[in-house]
Amino acid sequence: MSAQSRRTPQIFARVAAGALALALAACQTPAPKSGAQPQLPVTGPAASRASAQQLLQSARTLPSPQRDQQSLQAAAILYDLGEAEGAREAVTQIDPNQLSDVQFARYAHVYGNLLASEDEFFRALDLAASPRLDGTWLQLPSETALPLRDLRADLWGLLGDLDSAIAERQQIAMMARDAEMVAENNDGFWQLLTQLPSSELHLRADESNDPLMRGWYELALVGRDTQTDLSSQLTALSRWRQQWPRHTAASTPPQALRLLEQLAAQRADQVALLLPLSGSLGSAGRAIRDGFMAAYYTSLEAGAPTPKVQVYDTGTDRPFEQVYQEAVDAGAQAIIGPLDKQKVANLLATEKLPVPTLALNYADEGRLTSDLVQFGLAIEDEARQVAKQAYRQGHRQAMILAADSGWGQRGADAFTEQFQQLGGSVSVRRTFHDRSNFSKLVSDTLLIPESKAREAALRRQLAAPLEFTPRRRGDVDMLLLLAQPEQARQINPMLAFFYASDLPVFATSQVFAGTVNRERDRDINGVRFTALPWLFEGENQTKQAIESQASPAPAFARLYALGADAFRLFPRLPMLRQFPEQRVHGLTGALSLTADGRIVREQVWARIDKGAPVPVTTAVEPLAAPVESIELSRSSENL
């Protein structure tokens, strides 16, 4: 469920209050009977609910358009009270053609929110972006137009059409006068712009002719490029304010930026890094350490206050608990690590940790704790992100092709659980390995042999010539591909060969090798996947330092990014605890904290275009499923 669908905008509360006033004026308390005690007027929620019910009852006796107008008043009251079921019942009785333009806008807002709350995002957007509204905005009072535009911006953002959402936020910025609405819109701007890669923000800042948007793009770069340390971010923010003193975000900054000074005062002065530098996990531990230290030195070179860092090797035979306690005794105020899954589980089983700890993996089980946060590169996060995005874009029947590796199966399980929880279904799931016959895998999964069998049966029954195009199975409208690049390059072309070129293909970051190879990756053109922001952060100083000093192989790049993000994440944990809706935008994704102490990553969306990955900033409409094509030389009546 979206943030928009869970909250009632404050502006609309005033609209509903106006509707309530009209309703109450039409439903005065009757005069008391002679001899009876005078009755006090009903006030508060009871009055609102009672008035809504009276409006609905009397509406049934009225002709249109009065019936529809009165039902809209009742729906607005019930919606404002949080009675979604009653509001839905009332609003579905309305014929929108009987409403004036202003009334239709209010109808679109109420009904659109109700649809969004039920995850019917496309229906909600179709209503909120109805062509009927195109020529009416100037006629609408601000208390009607603003909440509807806010809904449109939220829906476009949810569905991945960032450009349309940003354009809508621009319209709101020109209209909003209420301080609370300005603050909400600025937070909305921030959430949208920080989803864009730095390279895209730089390009837009250079090319934009709109002073408002140029200021926003440069502010988003302050949030993105300087997140390595708090002091540099505060300095850059101060510099931005001097350059843009009249910008709306200068007087009303996004909430995430307002918290910076508080975070800077709380940061630790001494940090311990507990990682395996030797043993079976030594190569992974060293990559994470080098990413962490690259972020550290980037901060140090910028002249920012940086904590003292002590590194401990957990890959030796020494008990981990002993290493941990040694770090605490040496004065560590925060601990980063461990990496080993079992060691994380041991920490979770500890009743109380002496210092805040940021583990770099996830335990399978454990307890809720306020002193331990788990952070890693879980494939489950990516799979759940795909499920949510696919569902928001209208897909309901999924097909899964997953590698037989541990990560592939975990990703398939996580996608299935999330997709079914949202209301979708998985029609078919198949597992493959490197030696699989991919042509047979795709053909059999799409039920092409069955379609050809139907053709053969028809030919035996009919004497007339028959033109037949086999079709794929009709009970899927998307594919989740959990594959390594070499596997995906063989599977994706098979989809077109077996009549499924219109089937949208979603994948996780593993589908892209990490380096551009247009010749080889043409075979995965059109695949949409969750990408580490690292992929598009060419201007990031920490990434540049890592690449110049370590030249990491693509397979290890994500571990360097994990280390760098651990450095920027640990001082911001108090902010994430206090404001769960906030995010830290790093090289591994937009990072948020769940109630049970787990960091969830949301990566950027990318698409393979002409053999190279490009960030996705506009909506990609779902495609219709194909139909079987059968043409006979004689009338189908004879079949």
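Helices (H or I, at least four residues) and strands (E, at least two) are DSSP runs, numbered from the N terminus. The model is predicted: local features need pLDDT of at least 70, side-chain atom pairs count only at pLDDT 80 or more, and totals for chains, interfaces and linings use all residues. Residues are numbered from 1 along each chain as its sequence is written, and side-chain values use heavy atoms, without hydrogens and water.

**Exercise 1. Classify the aromatic pair of Phe104 and Tyr107.**

Step 1. Locate the residues. Both lie in helix H6 (residues 101–117), three residues apart, about one turn of the helix.

Step 2. Apply the cut-offs. Rings of Phe, Tyr and Trp (its six-membered ring) pair if their centres lie within 6.5 Å; planes under 30 degrees apart are stacked, over 60 edge-to-face, the rest tilted.

Step 3. Read the geometry. The centres of Phe104 and Tyr107 are 5.9 Å apart, with 40 degrees between the planes, so the pair is tilted.

Step 4. Check burial. Buried means under 20% relative accessible area, exposed over 50%, partly exposed in between (1.4 Å probe, protein chains only). Phe104 has 5%, so it is buried. Tyr107 has 6% and is buried too.

Step 5. Widen the view. The structure holds 14 aromatic pairs. Phe292, Tyr296, Tyr297, Phe567 and Phe570 form one aromatic cluster.

**Exercise 2. Find which charged ends sit over the rings of Trp137 and Phe506.**

Step 1. NZ of Lys or CZ of Arg must be within 6 Å of the ring centre and within 35 degrees of the ring normal.

Step 2. Take Trp137. The charged end of Arg149 sits over its ring, 3.8 Å from the centre.

Step 3. Take Phe506. Arg528 lies over its face, at 4.9 Å from the ring centre.
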